[in-house]
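Dear colleague,

Please find below the structure that I am handing over to you. My notes on what was found in it follow directly after.

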Amino acid sequence: MKASAFSYARAASVQNALQLLAAHGDKAKVLSGGQSLMPAMNLRLISPELIVDIGQIAELQGIAVTGDALRIGALTRHVEIARSSDIALHAPLLVAAIAHVAHPAIRNKGTLGGSLAHADPASELPACMLALDATIVVQGQSGERRVAAADFFTGIYQTALSPEELLIAVELPVARNDASHFFHEYARRQGDYAIVGLAAQAIAQRGAFAELRLAYFGVGDRPVLAAAAGKLIGKQLTSAMLSDALAALDAELEPQQDQQASVSMRRHLARVLLARCASALLRRPDLAARASA
């Protein structure tokens, strides 16, 4: 099957793209890397009347560190994230996550902004934005606005973007020197969509978590910043504390059943990931087996 007929326009600038989007509203779709948009069009899951190609807009590209903030342009490709020394130094969680995104051919073309705007609940990068406390920078004809990552993803394939707005960049706090991260996902095969995954960033001091952000993906209609993390902060972690956190996690997640996994399987894997995350970040091998105890 091939896409239904559509018109095509290559935007010369952000303003030009915004003018096109304002003129056509929800009948237009933005093309950046095309790794999600084109398959959906070919399957006729969506049939836009106009494709607005933003792939050559220079102002949407680039990675820069300014003060205590790391800014990544929306057109930054996955492979550029993987190879960036600035990202490796200031947001290493992203480098760890990118290795799990599909396959090299996809990573060579896919973009950060495209992944976030697509908002697949099983995708790695939206969850990383929650774990890293990112701000999504959005622009419309009336100007820029900044949206916390926790507020940006609103449902399956849904975001806070209006049809006339463009995601232009992501801003991340520069990671502290004592920060650590964890990333793991369960998938049928390397490169497949995750059944369940966890992206986490923490500050551990004297064997306890001072800060901990746990962002799950594949367990609902959007990435989930787990409130259960709060039960692990501020004290030396005990088996009882971890058990309480696992029970709280079970209560707050609302995974769905599909052809890949049952609800109970997803809950189990989420618990396993929490225990393994705590074990890895605190260097406590004794914690890893608690999820199945």
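In strand E3, Ile51 is the bridge partner of Lys29. The strands and helices named here are DSSP runs, numbered from the N terminus, with at least four residues (H or I) for a helix and at least two (E) for a strand. Please note that this is a predicted model, in which local features need pLDDT of at least 70 and side-chain atom pairs count only at pLDDT 80 or more, while totals for chains, interfaces and linings use all residues. Residues are numbered from 1 along each chain as its sequence is written, and side-chain values use heavy atoms, with hydrogens and water left out.

The bridge belongs to the pairing of E2 and E3, which run in the parallel sense over 4 bridges; two strands pair if DSSP finds at least two bridges between them. Which order do the 3 strands of this open sheet take? The order is E1-E3-E2, with parallel pairing. E1 and E2 stand at the edges with a single partner strand each, so one side of each has no neighbour in the sheet. From one strand to the next, the twist averages 25°.

Helix H1 packs on this sheet and touches E1, E2 and E3, and its direction makes about 165° with that of E3. Such angles run from 0 to 180 degrees between N-to-C directions, and axes are lines fitted to C-alpha atoms, for helices over the stretch in contact. In H1 (residues 14-24), the buried residues are Val14, Ala17, Leu18, Leu20 and Leu21. They lie on the same side of H1, because they cover an arc of only 160° around the axis; the arc is that of the directions from the helix axis to the C-beta atoms. Buried means under 20% relative accessible area, exposed over 50%, and partly exposed in between (1.4 Å probe, protein chains only). The buried residues of H1 pack against strands E1 (7-10), E2 (28-31), E3 (50-53), E6 (135-140) and E10 (166-173), where contact means heavy atoms within 4.5 Å. Just after H1, Gly25 has a positive phi of about 55°.

**The antiparallel sheet**

An open sheet of 5 strands has antiparallel pairing and the order E4-E5-E10-E6-E7. Its edges are strand E4 (63-66) and strand E7 (143-148), each with a single partner strand, so one side of each is left without a neighbour in the sheet. Here the twist averages 25° from one strand to the next. Strand E5 (residues 69-73) pairs with E10 in the antiparallel sense over 5 bridges, and Pro173 in E10 is the bridge partner of Ala69.

**Helix H8 and the cysteines**

Helix H8 (residues 124-131) is largely enclosed by the rest of the structure, because 8 of its 8 residues are buried. Among them are Glu124, Leu125, Met129 and Cys128. Just after H8, Asp133 takes a positive phi of about 55°.

How many disulfides does a search of the whole structure find? The search finds 0, a disulfide being a pair of cysteine sulfur atoms within 2.5 Å. The sulfur of Cys128 has its closest cysteine sulfur in Cys277, 12 Å away, which is too far for a bond. Cys128 counts as buried at 0% relative accessibility, and Cys277 counts as buried at 1%.

**Aromatic pairs**

Rings of Phe, Tyr and Trp (its six-membered ring) pair if their centres lie within 6.5 Å; planes under 30 degrees apart count as stacked, over 60 as edge-to-face and the rest as tilted. By this rule there are 2 aromatic pairs. The rings of Phe152 and Phe153 form an edge-to-face pair, because their centres are 5.1 Å apart and their planes are at 90°. Both Phe152 and Phe153 are buried. The rings of Phe183 and Phe217 have centres 5.7 Å apart and planes at 20°, so this pair is stacked. The pair links distant parts of the chain, with Phe183 in strand E11 (residues 179-186) and Phe217 in strand E13 (residues 208-217), 34 residues apart. Phe183 is buried at a relative accessible area of 11%, and Phe217 is buried at 0%.

**A loop residue**

Ala102 is located in the loop between helix H5 (92-98) and helix H6 (104-109). Ala102 is buried, with a relative accessible area of 19%. Ala102 and Gly191 are 89 residues apart in sequence, yet 3.9 Å apart in space, C-alpha to C-alpha. Not counting residues up to four places away in sequence, Ala102 touches Arg107 and Gly191.

With kind regards
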